[in-house]
Amino acid sequence: MNTDLKGRNRFWKSFIFAFSGIYHAFKTEKNLRFHFAASIIVTIFSIAFHLQLVEWLFVIICIFGMFSLELINTAIERIVDLASPAYHPLAKQAKDVAAAAVLCFAFMTIIIGCIIFIPKIVHFIRLYFG
Ligand SMILES: Nc1ncnc2c1ncn2[C@@H]1O[C@H](COP(=O)(O)OP(=O)(O)OP(=O)(O)O)[C@@H](O)[C@H]1O
């Protein structure tokens with residue numbers, strides 16, 4: 001019973017720690033705030049264009065995937081700053097490779113966004129202005 005309660009406390013505490021991580025990253029990383037603004041705009045467009053279920057799934061994967069990668073990138077930056085405050089070529093590689101992972105995912109989201117939204121935007125323009 002006692003260990004049950006301890007386990008449950010630990011479970012909720014891990015949520016609180018995770019949310020404080022999100023809060024810290026949001027406060028300090030302007031890229032994360034940019035992604036947040038972009039994801040709100042994409043969500044508004046998704047609602048306006050009445051996306052199909054599969055399209056919504058791709059949009060959700062892109063939004064949350066981007067946030068997750070950006071948070072991991074922030075964690076790597078902090079670890080590198082802690083381990084190597086002075087310049088070191090390995091510290092540079094670690095930060096640059098982590099940033100490259102974010103960039104790769106960002107390219108993927110742009111391609112998926114173009115595949116989903118360009119035909120809908122073209123259809124909209126033809127319907128109302130063509
Ligand atoms: N300790 C270090 N040793 C070597 N190169 C570094 C080190 N710290 C940063 N760099 C290089 O400088 C770049 C910018 O690092 P900086 O810490 O200013 O920004 P960041 O933490 O990578 O990104 P952000 O601006 O999103 O916080 C890194 O991508 C890396 O190439």
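## Overall architecture

Two residues are said here to be in contact if their C-beta atoms, placed from the backbone, lie within 7 Å. The structure is a predicted model, and its protein chain contains four helices and zero strands, following the pattern α-α-α-α when read along the sequence.

The C-alpha trace of the protein chain spans about 65 × 50 × 20 Å along its principal axes. Its radius of gyration is 20 Å, whereas a compact globule of 130 residues would have a value near 14 Å. Buried residues account for 8% of the 130 residues, and, among contacts between residues at least 6 apart in sequence, 66% join residues at least 24 apart.

## The pairing of H3 and H4

Helix H3 covers residues 53–83, and helix H4 covers residues 89–129. Their axes come within 10 Å and cross at roughly 170°; angles over 145 degrees count as roughly antiparallel, and H3 and H4 are therefore roughly antiparallel to each other.

On the H3 side the residues that meet H4 include Phe-58, Met-66, Leu-69 and Glu-70, while those that H4 contributes include Ala-98, Val-102, Phe-105 and Ile-112. The residues of this contact divide into 16 nonpolar, three polar and four charged.

## Glu-70

An unreviewed UniProt entry lists Glu-70 under "active site", and this residue is placed in helix H3. Glu-70 counts as buried because it has 21 C-beta neighbours inside 10 Å, where the cut-off is 20 or more.

Leaving aside neighbours within four places in sequence, Glu-70 is in contact with Glu-29, Asn-31, Leu-32, His-35 and Val-102. Of these partners, Val-102 is in H4.

How values were computed:
Residues are numbered from 1 along each chain as its sequence is written. This is a predicted model: local features need pLDDT of at least 70, side-chain atom pairs count only at pLDDT 80 or more; totals for chains, interfaces and linings use all residues. UniProt positions are given in the numbering used here, feature names are shortened, and annotations may be inferred rather than shown by experiment. Helices (H or I, at least four residues) and strands (E, at least two) are DSSP runs, numbered from the N terminus. A residue is buried if 20 or more other C-beta atoms lie within 10 Å of its own, exposed if 12 or fewer, and partly exposed in between; C-beta atoms are placed from the backbone. Axes are lines fitted to C-alpha atoms, for helices over the stretch in contact, and angles run from 0 to 180 degrees between N-to-C directions. Angles under 35 degrees count as roughly parallel, over 145 as roughly antiparallel, 65 to 115 as roughly perpendicular and the rest as oblique. Ala, Val, Leu, Ile, Met, Phe, Trp, Tyr, Cys and Pro count as nonpolar, Asp, Glu, Lys and Arg as charged, and the others, Gly among them, as polar. The radius of gyration is taken over C-alpha atoms; the globule rule is 2.2 Å times the number of residues to the power 0.38.
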